[in-house]
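This report goes through a predicted model, taking the fold first, then the sheet, the core and one loop.

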Amino acid sequence: MSDRPPFPPFDEDTAAQKVQAAEDAWNTRDPEKVALAYTPDSVWRNRDQHVVGRDAIVEFLRRKWERELDYALRKELWGFRGNRIAVRFQYECHDAAGQWWRSYGNELWEFTDNGLMRRREASINDLPIAESERRIFGPRPESERGRSLPVF
C-alpha cells in the first residue's frame with residue numbers, strides 16, 4: 001500500500017487537508033483515482049449498500065456517476081480525533097430525465113497509519129431541486145475553499 005498524506009493523528013489543519021483532498025478527488029468523477037485513497041480491503045456503508053474492497057469501490061463509483069450526471073460535490077470538516085474524521089457534505093447532479101438533485105450527507109472516516117481510508121460510513125438524503133436552485137457548479141474554486149456549507 002502506498003502512503004497517502006497527511007497522516008493521523010490529525011490536527012485541524014491536516015484533517016481539513018484530508019477533507020479537501022477527498023472533495024477534489026471525488027469531483028474528478030474518476031473511480032480509479034478516487035479508489036486509490038482507500039485500503040485494498042476498505043469497508044463502506046453508503047446509504048443502504050455495503051461495499052468492500054477497492055475493486056468494489058471502483059464499480060460502485062462507476063455506476064454512481066453513470067446515473068448522477070454533472071455531479072459536483074462540497075465537503076466540510078465536522079470533527080476529528082486521532083485517526084478519524086467526520087464530514088458533512090452536499091452534492092448536486094441530475095438524472096437522465098433532467099431532474100436535478102441536491103444530496104445532503106454525513107460521513108465517518110477511519111484511516112490507517114499511512115493515511116489510507118479503511119472505513120467509510122455515509123448517510124445521505126436526496127432533495128429534488130429545480131435547475132434554477134443549483135448552487136454547486138463544478139469543482140470548488142480556490143476562492144471558496146474553507147467556506148462553510150449552507151444547511152439548506
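## Overall architecture

Of the 152 residues in the protein chain, 45% are buried, where buried means under 20% relative accessible area, exposed means over 50% and partly exposed lies in between (1.4 Å probe, protein chains only). The model is predicted, and local features need pLDDT of at least 70 while side-chain atom pairs count only at pLDDT 80 or more, whereas totals for chains, interfaces and linings use all residues. Residues are numbered from 1 along each chain as its sequence is written, and side-chain values use heavy atoms, with hydrogens and water left out.

The protein chain holds 3 helices and 6 strands, these being DSSP runs numbered from the N terminus (helices H or I, at least four residues; strands E, at least two), and along the sequence they follow the pattern α-α-β-β-α-β-β-β-β. The radius of gyration of the protein chain is 15 Å, close to the 15 Å from the globule rule for 152 residues, so the chain is as compact as a globular protein of that length; the radius is taken over C-alpha atoms, and the rule is 2.2 Å times the number of residues to the power 0.38. The C-alpha trace spans about 45 × 30 × 25 Å along its principal axes.

## The sheet and its helices

The 6 strands form an open sheet of mixed pairing in the order β2-β1-β6-β5-β4-β3, two strands being paired if DSSP finds at least two bridges between them. Its edge strands, each pairing on one side only, are β2 (49–52) and β3, and the twist averages 20 degrees from one strand to the next. Helix α1 packs on this sheet, touching β1, β3, β4, β5 and β6, with its direction at about 165 degrees to that of β3, while α3 lies across β1, β2, β3 and β4 and runs at about 50 degrees to β1; axes are lines fitted to C-alpha atoms, for helices over the stretch in contact, and angles run from 0 to 180 degrees between N-to-C directions.

Strand β6 is joined to β1 in parallel by 5 bridges and pairs with β5 in the antiparallel sense over 12 bridges. Bridge partners in β6 include the following.

| Residue | Bridge partner in β6 |
|---|---|
| Val43 | Arg119 |
| Arg45 | Glu121 |
| Gly105 | Ile124 |

## Core and loop

The largest nonpolar core has 28 residues, of which Trp26, Trp44, Leu61, Ile85 and Trp109 touch the most other members; such a core is a set of buried Ala, Val, Leu, Ile, Met, Phe, Trp, Tyr and Cys residues joined through side-chain atoms within 4.5 Å. Among the elements that give two or more residues to this core are α1 (12–26), α2 (31–35) and α3 (54–67). Leaving aside neighbours within four places in sequence, Trp109 is in contact (heavy atoms within 4.5 Å) with residues including Lys18, Val19, Ala22, Ile85, Val87 and Met117.

The hairpin of β5 and β6 has 5 residues between the strands, and Gly115 there takes a positive phi near 85 degrees. Asn114, in the loop between β5 and β6, is buried, with a relative accessible area of 14%, and a polar contact of 2.3 Å joins its side chain to that of Thr112. A polar contact is a pair of N or O atoms within 3.5 Å; within protein, one must be able to donate a hydrogen and the other to accept it, and residues adjacent in sequence count only if both atoms are side-chain atoms.
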